[in-house]
Amino acid sequence: MNKIFPITLTVAGSDSGGGAGVQADLKTFSSLATFGTTTFTCLTAQNPDGVTGIAEISPDFVSAQLKAVSGYFSVKAAKTGMLYSAKIIEVVAEFFYENPDIQLVVDPVMVATSGAKLLKDDAIDSLIKDLLPLAKLITPNLDEASLLLGEKIHQYDQLVPMAEKLFQKYKVPVLLKGGHLPNATEATDILFDGKSSYLYSKPFLKGKNTHGTGCTYSAAITSFLAHGKNLPEAVGSAKEYLHLTLEDEIQTGPISHLNHFPEPTN
């Protein structure tokens, strides 16, 4: 008998360099035995040196993609990445408001690792007001969390209270990613679901190319949710998977990239 793969959906931008965005999401979905569908919000001209151009997809065509996918497939879980503009966020939020059975992971992508802005200034309010309340989970890194809270996060002992503050402010479960803490020997993330805190930690791997880790992490959580895991289990499994993609990196010419199809450890 053929195995039935759960359907996942990414709503995000394209990375022409293949390391992040929709491309990373689809590799993750496939690696974790889900069938990935897509809605493109932007096209980017980029490579590992940075982003040189962004072309926004019209909100009407974003909506058309969402309707085409949901009109045929029964999507179990979805994630959003680069949404870019307020108009696109409004369209995406309307779709998920009308489809509450889809488990939604929101990666609040604002700035690329290279420093390129991936979210217009006027879109932040729409992200907060329209989309975040619909999420099963939001996955900010430290910079994004600082923007959402209006205060900086500098040290390890801030992670739990700041995750709790984010939940109190936005009323949705939060995975606060602490991998950018200075001088960290562990990559530590905190999940707060409104009742309990969960800590996920892996040794910090030095000298790795981390481009696409945020996209991969949120796509992996989405995949495990689609397979029926609860939120703490999905995050834990995704953390393990992300560590493997870094540990088992692949060489792509002058640099390395995440290996979205890592060798199992046992």
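**Close-up 1. Strand 5 and strand 6 pair side by side.** Strand 5 (residues 103-106) and strand 6 (residues 137-138) are joined in the parallel sense by two bridges. Pairing here requires at least two DSSP bridges between two strands. Look for V105, which sits opposite L137 of strand 6. Helices (H or I, at least four residues) and strands (E, at least two) are DSSP runs, numbered from the N terminus. Everything shown comes from a predicted model, in which local features need pLDDT of at least 70 and side-chain atom pairs count only at pLDDT 80 or more, while totals for chains, interfaces and linings use all residues. Residues are numbered from 1 along each chain as its sequence is written, and side-chain values use heavy atoms, with hydrogens and water left out.

Close-up 2. Four bridges link strand 4 (residues 75-80) to strand 5, and the two run parallel.

Close-up 3. Strand 1 (residues 7-15) runs parallel to strand 2 (residues 35-47), with nine bridges between them. T8 has G36 as its bridge partner in strand 2. Between strand 1 and strand 2 the chain passes through helix 1 (residues 21-31), in a right-handed β-α-β crossover. Strand 3 (residues 50-56) is antiparallel to strand 2 and is held to it by six bridges, among them the one that pairs C42 with E56 of strand 3. Two residues separate strand 2 from strand 3 in this hairpin.

**Close-up 4. Helix 2 packs against helix 3.** The axes of helix 2 (residues 59-70) and helix 3 come within 9 Å and cross at roughly 25°. Axes are lines fitted to C-alpha atoms, for helices over the stretch in contact, and angles run from 0 to 180 degrees between N-to-C directions. The two helices are therefore roughly parallel, given that angles under 35 degrees count as roughly parallel, over 145 as roughly antiparallel, 65 to 115 as roughly perpendicular and the rest as oblique. P59, V62, S63, L66 and S70 of helix 2 touch K87, I88, V91, V92 and F95 of helix 3, where contact means heavy atoms within 4.5 Å.

**Close-up 5. Helix 3 also packs against helix 4.** Helix 3 (residues 86-98) and helix 4 (residues 123-131) have axes 8 Å apart, at an angle of about 10°. Helix 3 and helix 4 are therefore roughly parallel too. On the helix 3 side you will find A86, I89, E90, V92 and A93, and facing them A123, S126, L127, D130 and L131 of helix 4.

**Close-up 6. Helix 5 crosses helix 6.** Here helix 5 (residues 142-149) and helix 6 (residues 159-170) cross at roughly 50°, their axes coming within 11 Å. This pair is therefore oblique. L142, A145, L148 and L149 of helix 5 make the contact with L159, M162, K165, L166, K169 and Y170 of helix 6.

Definitions and conventions
Right-handed = clockwise from strand over helix to strand, strands pointing away.
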